[in-house]
Number of protein chains: 2
Amino acid sequence: MAESKSKSNPNPADAPKAVVGRLSLYLRELQHLVRDGHETISSTRLGKILGFSDAQVRKDLAYFGQFGYPGIGYRCHELIHAIKQIFGTDRQWPVAIIGTGNLGRALVGYKGFDNQGFKIVAAFDIDPAKVGGAIEEAPIHHLDDLERIVQEKQIKLAIIAVPASAAQSVADRLGASGIDGILNFAPVTVTAPPNASMVGVDLAIEMEQLTFDVVKRSGEKK
Amino acid sequence: MAESKSKSNPNPADAPKAVVGRLSLYLRELQHLVRDGHETISSTRLGKILGFSDAQVRKDLAYFGQFGYPGIGYRCHELIHAIKQIFGTDRQWPVAIIGTGNLGRALVGYKGFDNQGFKIVAAFDIDPAKVGGAIEEAPIHHLDDLERIVQEKQIKLAIIAVPASAAQSVADRLGASGIDGILNFAPVTVTAPPNASMVGVDLAIEMEQLTFDVVKRSGEKK
DNA sequence: TAGATTGTTAATCGATTAACAATC
DNA sequence: TAGATTGTTAATCGATTAACAATC
């Protein structure tokens with residue numbers, strides 16, 4: 001019954017996936033702009049850099065609030081702060097990683113996570129030779145200790161970097177441990193546990209998207 | 001003037017990006033289905049597994065041809081073959097990787113690439129201590145030898161795994177060397193060289209997409 | 001034949017773009 | 001004030017869904 005919002009005030013939760021994806025690109029670009037000494041940026045310029053229209057930039061941001069100044073544009077620092085709040089990355093999230101093969105180890109050491117608000121605080125494996133060790137600062141625990149460590153360290157996010165065959169069962173265990181979000185690198189369709197969100201990244205699929213474009217071009221140019 | 005195609009025959013090159021993305025998911029799922037012994041699959045079942053409608057599956061595939069059998073569904077093997085042809089991954093693509101840090105090394109060893117038609121045949125770095133070595137089977141060359149090796153090994157695809165600050169200049173050099181497609185892991189906006197396609201993967205951005213969902217949910221549930 | 005399922009058309013839905021009054 | 005630029009509405013464009021004749 002507390003229905004008082006102005007009619008034309010899109011709700012952030014209604015933002016389409018595509019908009020949220022671009023929001024990340026805006027944030028990344030704004031951070032580069034600040035490093036280059038820019039105080040403000042217009043929707044036209046920001047769009048040009050990223051290959052979007054000025055209208056799209058403004059519309060996208062309008063889902064989340066009114067951040068701009070007519071005649072001026074957007075103040076970079078201010079907008080960065082606002083977007084980080086939207087993503088929840090104005091604070092640091094402790095993250096668990098499951099699987100310490102090539103990819104898992106590389107992800108633990110990936111500096112881009114730290115910079116953007118993610119800190120990998122624990123790794124898990126089932127190989128007794130690895131358990132007890134550590135990668136960078138993160139201790140490697142046995143997967144059987146997942147629930148305990150997740151509780152102790154208040155971990156809400158996890159990264160799956162195990163073979164495809166193990167991915168679903170790991171996802172289920174993560175759900176049972178109370179994890180809220182899972183980033184899945186295993187190249188397989190995994191059903192998200194109830195109450196958890198999931199994002200999948202398949203590296204071979206990204207390559208396929210590329211070859212499709214390359215093959216398409218070579219067909220046209222012939 | 002050889003304009004004889006039936007009017008309702010969508011051109012593969014017209015397929016929206018979203019459709020091509022799902023095509024990769026269909027391929028991946030079909031491969032799993034074959035491994036599980038399935039001969040055929042209906043659009044309804046395939047859609048259900050991936051969370052799409054039956055109509056969407058059929059419409060997506062229709063961009064590329066008529067692959068189904070009314071009353072039967074799609075023959076898995078046949079459809080896999082057709083999709084691989086569309087992506088050009090019915091043959092093996094030699095791939096170069098630039099940057100042999102944590103991520104670069106992990107990508108060279110990533111088995112998912114081999115399985116899907118990509119073989120990393122050369123790595124590049126500018127660190128004299130690394131040049132001359134090798135990762136798995138791939139020799140590490142100096143970046144200055146890029147053009148020569150690309151020609152010799154007929155490399156068409158490259159992966160950028162260098163720091164953000166170096167990404168654009170590496171992309172430019174790749175373009176100058178005649179590379180057709182670039183998969184960029186550096187967390188920065190990179191402009192594709194003329195005549196080359198580019199796909200970007202930003203791992204921190206994928207995590208952000210996840211936290212957005214997690215934050216959204218926690219807001220709703222309160 | 002009856003049942004299953006496709007490919008395609010038309011209807012619906014959603015996202016992007018264009019335009020402009022309001023604002024600094 | 002004149003110039004720049006926003007937020008928002010309406011118009012356009014594109015993608016998804018529903019429905020169904022055709023087919024096995």
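A salt bridge is a side-chain nitrogen of Lys or Arg within 4 Å of a carboxyl oxygen of Asp or Glu. In this predicted model, the side chains of A:Asp202 and B:Arg28 meet in such a salt bridge, at 2.9 Å from N to O. The rule finds 2 salt bridges across the interface of chain B and chain A.

**Extent of the interface**

- The size of an interface is often given as the accessible area lost when the parts come together.
- Between them, chain B and chain A bury about 5500 Å², and 67% of this area is on carbon and sulfur atoms.
- Of the area that chain B buries against chain A, 12% is supplied by B:Met207, B:Glu208 and B:Phe212, which is more than any other three residues supply.
- Chain B contributes 65 residues to the contact, and chain A contributes 65 residues.

**Polar links and composition**

- Between chain B and chain A, 22 residue pairs are in polar contact, with both residues at pLDDT 80 or more.
- Helix H9 of chain B, residues 203-221, provides 17 residues of the side of chain B that touches chain A, and this is the largest share.
- Sorted by class, the side of chain B that touches chain A consists of 38 nonpolar, 15 polar and 12 charged residues.

**B:Ala204, a residue of helix H9**

- B:Ala204 lies in helix H9 of chain B.
- B:Ala204 counts as buried because its relative accessibility is 4%, where buried means under 20%.
- Apart from neighbours within four places in sequence, B:Ala204 is in contact with A:Tyr110, A:Gly112, A:Phe113, A:Gln116 and A:Phe118.
- Within chain B, B:Ala204 and B:Ile126 are separated by 78 residues in sequence and by 25 Å in space, C-alpha to C-alpha.

**A:Tyr74, a residue of strand E3**

- A:Tyr74 belongs to strand E3 of chain A, which covers residues 73-75.
- With a relative accessibility of 9%, A:Tyr74 also counts as buried.
- When residues up to four places away in sequence are not counted, A:Tyr74 touches A:Glu39, A:Thr40, A:Ile41, A:Ser43, A:Arg58, A:Leu61, A:Phe67, A:Gly68 and A:Leu79.
- A:Tyr74 and A:Leu30 stand 44 residues apart in sequence, and their C-alpha atoms are 9.9 Å apart in space.

Note on methods:
Residues numbered from 1 in each chain as written. Chains lettered and ligands numbered in written order. Predicted model: local features only at pLDDT ≥ 70, side-chain atom pairs only at ≥ 80, totals over all residues. Heavy atoms only, no water. Contact = heavy atoms within 4.5 Å. Buried area = accessible area lost by both parts, 1.4 Å probe. Polar contact = N/O pair within 3.5 Å; in protein donor to acceptor, adjacent residues only side chain to side chain. Helix = DSSP H or I, 4+ residues; strand = E, 2+ residues; numbered from the N terminus. Nonpolar A, V, L, I, M, F, W, Y, C, P; charged D, E, K, R; others polar. Buried < 20%, exposed > 50% of the residue type's maximum accessible area, 1.4 Å probe, protein only.
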